[in-house]
Amino acid sequence: MAGTSLCHSTDPCTNGEHSGHPAVPSSSPSGIGTRGGDDGIPVVDFDVLVNGAADQRAQAIRELGRACEDWGFFMVINHGVPEELKEAMMETCKELFSLPEEQKAEYLEAGPMDPIRIGTGFFSVVDGVRYWRDYLKMFARPELHCPAKPAKLRDVAAEYSAKTRDLLLSLAKAISESLGLDGGRISEAMDLESCFQILVANHYPPYTGPDSAGLGLPAHSDHGFLTLLFQNGVDGLQVKHDGQWLLAKPLPGAFFVIAGDQLEIVSNGRYKGMLHRAVVGGERARMSMVSMISPCLDTVVEPVPELVPDGQGLEFRGVRYRDYMEHQQSNKLKGKAALDIARVQRDNAGPEN
Ligand SMILES: O=C(O)CCC(=O)C(=O)O
Ligand SMILES: [Fe+2]
């Protein structure tokens with residue numbers, strides 16, 4: 001694993017300038033769909049997953065499975081979501097954050113289950129650690145909820161959510177296959193075709209104070225199934241891998257994909273919801289854009305029986321997704337503590353992770 005582009009530390013690391021990754025070929029010359037980037041973060045070539053010859057696809061699926069098992073995190077390239085659309089989404093959300101307070105007021109008091117929520121408390125202290133973040137959360141499915149301003153947000157968000165949903169649903173099929181199941185099995189188990197989807201825009205104001213290790217978002221795993229994320233060119237996403245926090249640097253144009261808690265539950269713990277956090281971007285404002293798919297709110301998510309042979313070793317009980325989400329969102333983000341409500345407790349084993 002190369003060290004230059006990663007911050008290996010148990011403490012939050014600051015974001016300096018970096019040379020970035022080499023350009024990514026538009027298709028994988030080796031025909032291999034998934035490979036390690038410079039820093040070891042797995043890279044999935046979506047084009048190979050969808051259009052590759054049978055043997056290339058089979059290899060890509062195997063490597064996708066390893067990425068999910070070893071990391072719970074990977075980058076996806078050749079994903080087909082237009083760069084202009086990503087930029088339009090980022091720019092429009094940036095406009096929203098700079099609107100006068102009174103134009104956002106109605107969303108500021110919203111709770112976790114309200115379809116539009118804006119948080120402005122970017123300076124807060126939790127357990128002695130400062131967090132800096134503005135965010136906009138919008139439910140995008142079953143129907144799109146969107147602030148009235150900026151006026152173009154609705155159209156841009158509608159297109160962005162549709163394109164990223166298609167991508168995530170295709171990844172869900174490949175993940176299902178990587179678990180040795182039919183492509184549609186995970187989707188069927190969680191009713192993903194009529195999934196619940198959330199878009200989140202995060203804005204971390206510049207911070208150059210004495211404590212340069214300021215955190216933007218505390219360590220957590222996502223409550224949904226699968227999260228797609230890109231950022232505005234300012235690094236800050238850190239992932240916990242092999243017990244260390246690594247600063248994730250994207251390949252140009254790539255999305256990050258993060259395994260969520262519902263994937264951990266449905267796979268009976270084989271693929272874990274990945275622990276991640278965000279640090280602020282130093283002199284530059286940092287933004288990240290999240291599109292997350294989840295089961296329908298009323299779906300009770302439980303491990304698929306095929307992954308629990310003879311009912312032995314069941315790790316999780318069924319929990320209605322709405323209850324899970326409400327529970328996770330109503331409590332202070334605290335690592336993966338929320339998963340404990342679904343975990344089958346055993347006398348001789350404490351919770352892992
Ligand atoms: O800003 C980031 O990179 C992380 C955001 C995130 O983890 C989230 O919104 O759940
Ligand atoms: Fe997250």
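In the predicted model, ligand 1 is surrounded by V200, N202, L217, D222, L229, Q231, G236, L237, H276, A278, S288 and V290, where a residue is near a molecule if its C-beta atom, placed from the backbone, lies within 6 Å of it. Two or more residues of this shell come from each of β8 (196-204), β10 (226-231), β14 (276-279) and β15 (286-294). By class, the shell holds six nonpolar, five polar and one charged residues; Ala, Val, Leu, Ile, Met, Phe, Trp, Tyr, Cys and Pro count as nonpolar, Asp, Glu, Lys and Arg as charged, and the others, Gly among them, as polar.

This is a predicted model, in which local features need pLDDT of at least 70 and side-chain atom pairs count only at pLDDT 80 or more, while totals for chains, interfaces and linings use all residues. Residues are numbered from 1 along each chain as its sequence is written, and chains are lettered from A and ligands numbered from 1 in the order in which they are written.

The protein chain contains eight helices and 17 strands, which are DSSP runs (helices H or I, at least four residues; strands E, at least two) numbered from the N terminus. Of its 353 residues, 46% count as buried, that is, with 20 or more other C-beta atoms within 10 Å of their own, these atoms being placed from the backbone.

A338 is located in the segment after α8 (321-330). This residue counts as buried because it has 21 C-beta neighbours inside 10 Å. Beyond residues up to four places away in sequence, A338 touches H223, D261, H327, Q328 and N331, contact requiring C-beta atoms, placed from the backbone, within 7 Å. A338 and S221 are separated by 117 residues in sequence and by 9.0 Å in space, C-alpha to C-alpha.

Terms used. A residue is buried if 20 or more other C-beta atoms lie within 10 Å of its own, exposed if 12 or fewer, and partly exposed in between; C-beta atoms are placed from the backbone. Two residues are in contact if their C-beta atoms, placed from the backbone, lie within 7 Å.
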